[in-house]
Amino acid sequence: MPGEHLPNADAPCFSCRLVAPSTRQARRTRLCAAEVGECAIEDPRHLLRQFLMAKKWSYAVANVSIILSEIVMVQFPRILGEFTNTLSRRQLTPGRVMDYALELLLVGVVYVLLFGVGQMRNGRHGREFEYLLRKRLFDHWETLSAGYFRKRSVGDLLNHALNDVRAVREALSGGMNILTNSIFLLAATLFMTLTTINVKLTLMSLIPILFVPLLVIWWGPRIRDASRKVQESLSDMADLTEESLSAISLVKATANERVETDRFTKRVDQIVRRQLGMIQRSAMFQSFIPLLGSLSFAIALLYGGYLTVERQISLGAFVAFTLYLAMIITPLQQIGFVINNFQRASASMARLRILLSVAPDIKDSDHAVQHIEIAGDIDVRLTSFTYPDGDAPVLRNIAFSVARGQTVGIVGRTGSGKTTLANLLPRIFDPPDSSVFVDGYDIRELPLSVLRAAIAYVPQDGFLFSTSIGENIGFSSVDATPEAIEQAARNAAIYEDIMRFRDGMATQIGERGVTLSGGQKQRTAIARALLKNAPILLLDDSLSAVDMNTEKRLITRLQQIRHGKTTLIVAHRLSAVRHADLILVLDGGELVESGTHTDLIRRKGVYSALYRLQHDGEGVTG
Amino acid sequence: MRQKTLRDATPTSGLASLAHLLPFARPYIGYFAVVFVLVVIYNAASVLQPYLVKIAIDRDISVAHLDLHGLIAVSLVYIGAVIASVAANYFQILLLQYVGQSIVRKIRIRLFSHIESQSMSFFDNNSLGRLVTNVSSDTETVSQFFTQFFLSMVRDGLSLVMIIAVMFELSPRIAAYCMVLLPIIFAISLLFRKRLRTAYQTTRTRLSNVVSFLAENLAGMRITQIFHQEDRQAERFRSLNEAHRSANVHEYQVSVQFNRALDLLGNVAVAGVVWVGGNAVIGHMILFGTLYAFITYIRQFFQPINSITQQWNTLQSSIVAADRIGRVLAVQPDVADPVQPLTPREVTGKIEFDQVSFAYKPGENVLNDISFAVAPGAFVGFVGATGAGKSSIMSLLTRFYDVSQGRVTVDDVDVREYRQEDLHRMIGLVQQDVHLFSGTVTDNIRMFRGEFSEQDVIRAAEAVGADEIIRRLPQGYETKLFAKGANLSMGERQLVSFARVVLLNPRVLILDEATASLDSQTEAWVQRGLQAVAKNRTTLVIAHRLSTIRHADQIIVLDRGRIIEQGDHETLVAKGGMYARLYEKSGIEAPATAAVDILTLSPVARG
């Protein structure tokens with residue numbers, strides 16, 4: 001239950017800071033130096049502090065406005081009370097009535113204006129901080145490597161960026177408003193009733209409604225919990241629907257429709273059960289709070305009436321008191337909500353802190369070589385490579401050299417390590433020290449900007465962004481000319497496809513635009529890489545969805561435009577690497593054969609067996 | 001065959017679409033009446049409160065002599081009224097929610113079974129996501145109509161009426177003045193509602209832009225990094241984020257303005273009542289207590305009106321949702337059961353296609369003049385390129401679609417003469433993609449059917465050689481499968497689907513051979529399982545590997561919707577036609593070794 005462990009989530013940092021500031025400080029400093037570098041900025045609490053400091057005057061204005069508005073607000077019952085007293089003293093004249101009415105009008109208008117100003121400011125600042133936090137998160141994520149994203153689901157990260165950030169904002173905007181509002185309204189009201197009306201009456205009547213905030217604190221999380229359960233069962237039902245409908249052919253073929261409906265009915269029944277369970281709790285809650293308020297009112301009526309009759313308080317005081325009572329029940333209720341709100345927000349802050357404290361694992365070395373031009377010689381001397389989260393090496397004993405201008409093919413069956421090997425070169429994953437060299441430099445000693453500027457990469461899945469095709473192709477450079485984009489598209493044999501779309505290069509792709517086929521995606525991704533015109537081109541199995549004829553055209557084109565530049569082609573189909581100067585054959589993470597096509601065919605090893613099979617088997621089946 | 005999407009269904013508009021759902025609510029009419037009574041009690045008590053105070057003030061407190069008894073009596077009535085109101089409210093909430101949930105439950109079950117009863121063309125033309133939304137969120141929205149909207153109309157409407165009635169009863173003159181407020185409040189509410197809705201929608205849209213940008217960029221972070229475009233993407237994110245912030249701030253401002261405007265009007269109204277009422281008191285037209293009651297009522301006035309205008313949105317979204325649900329419910333299945341179905345007795349499994357033509361879209365035949373006959377128990381292979389019509393033939397046999405011309409018979413009876421349920425019990429289907437359900441392995445094999453015992457399941461698994469493999473899973477047969485069977489390997493999933501068919505024991509088996517690559521060990525298991533499944537059944541195989549159907553009794557070669565060759569392996573090879581060419585290219589020279597070769601190396605070969 002999230003409600004239960006919320007306080008604990010934040011407990012370590014608070015207690016550490018309060019109980020042992022020196023050791024905590026020391027540890028944090030060490031952490032900063034060792035891992036984070038910019039710890040002071042990465043911690044969302046520092047960010048919050050900075051933000052509050054920057055806006056301190058605006059916050060002061062906002063909260064002073066709210067406090068003033070409450071002081072004005074509590075005049076309302078007082079004026080009505082005086083009006084009543086004047087009336088019962090029979091001193092009321094039409095002129096006095098007018099005065100009172102105008103006074104009330106003034107109070108009403110001033111209150112609304114002051115409170116509105118305060119509320120508006122606090123709300124705006126909360127949203128500004130929300131913006132800052134999201135920006136910080138994105139900036140932070142941009143520094144993290146593929147290894148980080150491999151371990152986490154996008155959905156989970158989005159959840160942080162949406163819900164945790166929103167929880168913090170809610171506490172900062174609504175929470176701040178309500179807190180200031182309810183505390184001061186409560187204080188002002190109590191001050192008024194205690195000083196101007198009657199101490200005993202005030203205390204007696206308060207007894208029932210003092211339970212209101214406790215009730216909210218206790219019940220709030222439980223209702224939230226129950227409503228989460230309802231949500232869960234709703235998504236259970238949606239899951240089952242999706243599961244069943246996506247298997248509809250099987251369901252029909254096995255005449256299983258009725259069984260499926262039974263399964264569905266069970267989920268629906270669970271929703272009904274949970275929903276009613278939640279409703280029971282919240283109905284109880286919704287009934288109790290007015291009940292307590294009414295009890296207070298009953299006491300006020302009875303005891304206050306008695307005091308009035310006994311002439312211990314005036315009729316005006318009695319009237320004012322009943323109005324005061326109606327006024328404080330809302331803030332009492334809100335205090336409870338605010339406490340729950342703050343608890344949630346502090347748990348969210350703790351989660352964000354953890355998220356932001358992850359240090360980038362792939363970054364520039366401290367003594368990185370600066371200002372060099374990469375020509376494109378590659379040297380690999382890898383003894384073994386294990387994924388950061390893996391336990392067994394996925395690559396072993398791989399050594400080869402590529403001179404600038406050469407074309408290299410990397411082949412092997414699924415899972416043989418081709419993609420892993422390709423990913424080491426642009427440091428998507430970091431290779432061990434001194435195992436991959438470009439132009440004689442260990443790539444870990446090259447600044448990332450230099451290394452990556454020298455490599456054009458085409459991913460396996462042809463990942464594209466949901467922008468226009470033109471923008472995707474020109475991704476590597478903000479000032480890519482339309483001509484350059486067009487040329488890259490032609491080189492990647494995608495130009496004609498693009499021109500067939502109504503909007504040409506401006507065609508939007510993705511959910512809101514056209515859906516490209518696998519081959520079109522891959523060719524667009526190739527165009528994007530070609531536009532970069534880097535000394536090293538790396539195609540990570542990016543021809544798999546391209547048909548044979550287009551592949552042939554593409555390869556020929558590549559040979560022309562990549563003349564004198566290094567090209568690495570990871571491929572499944574041997575036809576894509578046949579022309580290469582060097583072909584590496586991987587199997588089980590090891591380099592088992594290497595040489596030119598002719599060498600390898602003559603050798604009658606793995607490559608020649610693969611070749612025979614693929615060559616003969618082309619087009620056997622659909 | 002008609003192309004049919006939900007958009008084409010006759011559109012119903014406005015309230016009519018909600019009226020279509022009323023039959024679901026009819027059985028609960030008595031409950032609604034009780035809810036109504038409870039709401040009246042609840043409202044009465046809250047309207048009574050100021051009235052009681054007025055009585056206390058005018059009769060017991062402000063008069064010269066003390067009447068403690070009267071005061072106590074008033075207080076007791078008040079407490080009694082409060083308790084009655086709280087209790088009425090509590091039971092009203094429970095009851096109404098019960099009714100609302102029950103109605104939605106019925107709609108959901110009805111909708112789901114209606115969708116399941118549709119023919120395949122329905123699923124071709126309507127996206128899965130859309131249908132899931134119909135079942136889950138549209139029904140949820142409709143439930144708000146039966147709970148929130150109904151309640152608000154009754155509760156807020158009643159409370160407004162009751163407040164006005166009491167006001168007129170207290171002082172018709174002041175009440176008449178107060179009525180000026182009604183149109184003003186309505187106008188303010190309607191004005192702001194529209195602005196609020198636009199502001200809310202803008203914020204929502206912009207937030208979803210932020211979310212989809214984030215989702216995409218988190219997934220493609222390595223591309224951004226390798227192309228060194230972190231700054232550009234950060235800048236894009238900043239502008240989306242900023243657009244959301246400004247919309248969000250704007251939305252907040254509008255809502256603050258709206259609430260403060262109502263506040264302001266309320267305060268002005270109180271001042272006005274004090275002015276008008278104060279003069280009336282001086283003129284002895286009303287007592288002071290009456291003025292007090294007016295001040296309280298004028299504040300109570302705003303709440304129900306505000307709440308009713310809020311329900312406008314609920315009503316509109318309910319209409320949209322009800323309309324969508326109505327469209328789905330209005331669709332009649334293309335493939336219907338005959339009025340007088342034939343009940344199959346002893347099924348032998350004889351199959352015949354007689355000059356069958358078929359088109360998914362009118363005018364674009366995918367099958368032309370297909371005729372062939374399969375003897376009971378025979379093993380038949382279908383060969384041809386993608387789009388040749390292999391799967392369509394199978395879909396006609398299972399009657400997922402109806403033929404355009406000709407007829408398909410099982411045991412000499414047209415498939416259209418059987419009930420679909422009977423037909424589907426005769427014919428089993430093993431598909432390329434194995435569909436698995438979230439549940440245990442046992443449940444997946446027996447498809448959640450109660451009529452099969454665990455023993456039956458184990459026997460079926462043993463028959464296809466899956467038993468040993470299943471027992472190796474963490475909890476054996478009780479292992480829970482994740483969505484889409486993510487915790488099983490391809491081979492294991494195949495075996496589960498074989499066990500399924502053996503358990504259901506159909507006379508005719510359609511097998512769409514999996515194209516996915518398996519390692520040689522699993523491939524061997526799967527081949528063995530396959531043989532076990534095919535035993536003693538009429539088996540039709542869509543083959544992707546020629547080795548699978550080498551020994552078939554009959555091989556049917558399809559090309560662009562027509563049968564171009566038919567016969568057994570030897571005949572077809574001797575004929576030197578398309579099959580022979582395919583066979584030659586597949587590189588199977590000597591049957592035994594070639595098969596092994598294909599099995600071990602196929603993963604690479606198939607790309």
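Analyst: Two residues are in contact if their C-beta atoms, placed from the backbone, lie within 7 Å. This is a predicted model, in which local features need pLDDT of at least 70 and side-chain atom pairs count only at pLDDT 80 or more, while totals for chains, interfaces and linings use all residues. Residues are numbered from 1 along each chain as its sequence is written, and chains are lettered from A and ligands numbered from 1 in the order in which they are written.

User: Which residues of helix 6 of chain A meet helix 14 of chain A?

Analyst: Helices (DSSP runs of H or I, at least four residues) and strands (E, at least two) are numbered from the N terminus. On the side of helix 6 of chain A, the residues are Pro77(A), Arg78(A), Leu80(A), Gly81(A), Glu82(A), Thr84(A), Asn85(A) and Ser88(A). Their partners in helix 14 of chain A include Leu315(A), Gly316(A), Ala317(A) and Tyr324(A). Sorted by class, this contact holds 8 nonpolar, 5 polar and 2 charged residues, where Ala, Val, Leu, Ile, Met, Phe, Trp, Tyr, Cys and Pro are nonpolar, Asp, Glu, Lys and Arg charged, and the others, Gly among them, polar.

User: At what angle do the axes of helix 6 and helix 14 of chain A cross?

Analyst: Packed helices are described by the angle between their axes and the distance between the axes. Helix 6 (residues 75–88) and helix 14 (residues 315–356) of chain A cross at roughly 155°, and their axes come within 7 Å. (Axes are fitted to C-alpha atoms over the stretch in contact, with angles from 0 to 180 degrees between N-to-C directions.) Helix 6 of chain A is therefore roughly antiparallel to helix 14 of chain A, since angles over 145 degrees count as such, while those under 35 are roughly parallel, 65 to 115 roughly perpendicular and the rest oblique.

User: How do helix 1 and helix 11 of chain B pack?

Analyst: Helix 1 (residues 15–25) and helix 11 (residues 302–330) of chain B pack at about 60°, with their axes 8 Å apart, which means that helix 1 of chain B is oblique to helix 11 of chain B. Leu15(B) and His20(B) are among the residues of helix 1 of chain B that take part, and Ser318(B) and Gly326(B) are among those of helix 11 of chain B. Here the classes are 6 nonpolar, 4 polar and 1 charged.

User: How many residues does the contact take from chain A and from chain B?

Analyst: Chain A provides 115 residues and chain B provides 108. Helix 13 (residues 257–309) of chain A gives the most to the side of chain A, with 26 residues. That side of chain A divides into 64 nonpolar, 32 polar and 19 charged residues.

User: Is Leu568(A) buried or exposed?

Analyst: A residue is buried with 20 or more other C-beta atoms within 10 Å of its own, exposed with 12 or fewer, and partly exposed in between. Leu568(A), in strand 8 (residues 566–570) of chain A, counts as buried because it has 25 C-beta neighbours inside 10 Å. Its contacts beyond four places in sequence include Val408(A), Ala422(A) and Leu539(A). Of the 622 residues of chain A, 44% count as buried.

User: Which phi does Ser434(A) have, and which His228(B)?

Analyst: Ser434(A) has a positive phi of about 50° although it is not a glycine, and it sits in the loop between helix 15 (418–424) and strand 4 (436–438) of chain A. His228(B), also not a glycine, has a positive phi of about 55°, and its place is the loop between helix 8 (221–226) and helix 9 (230–282) of chain B. Ser434(A) is partly exposed, with 13 other C-beta atoms within 10 Å, and His228(B) is partly exposed, with 18.
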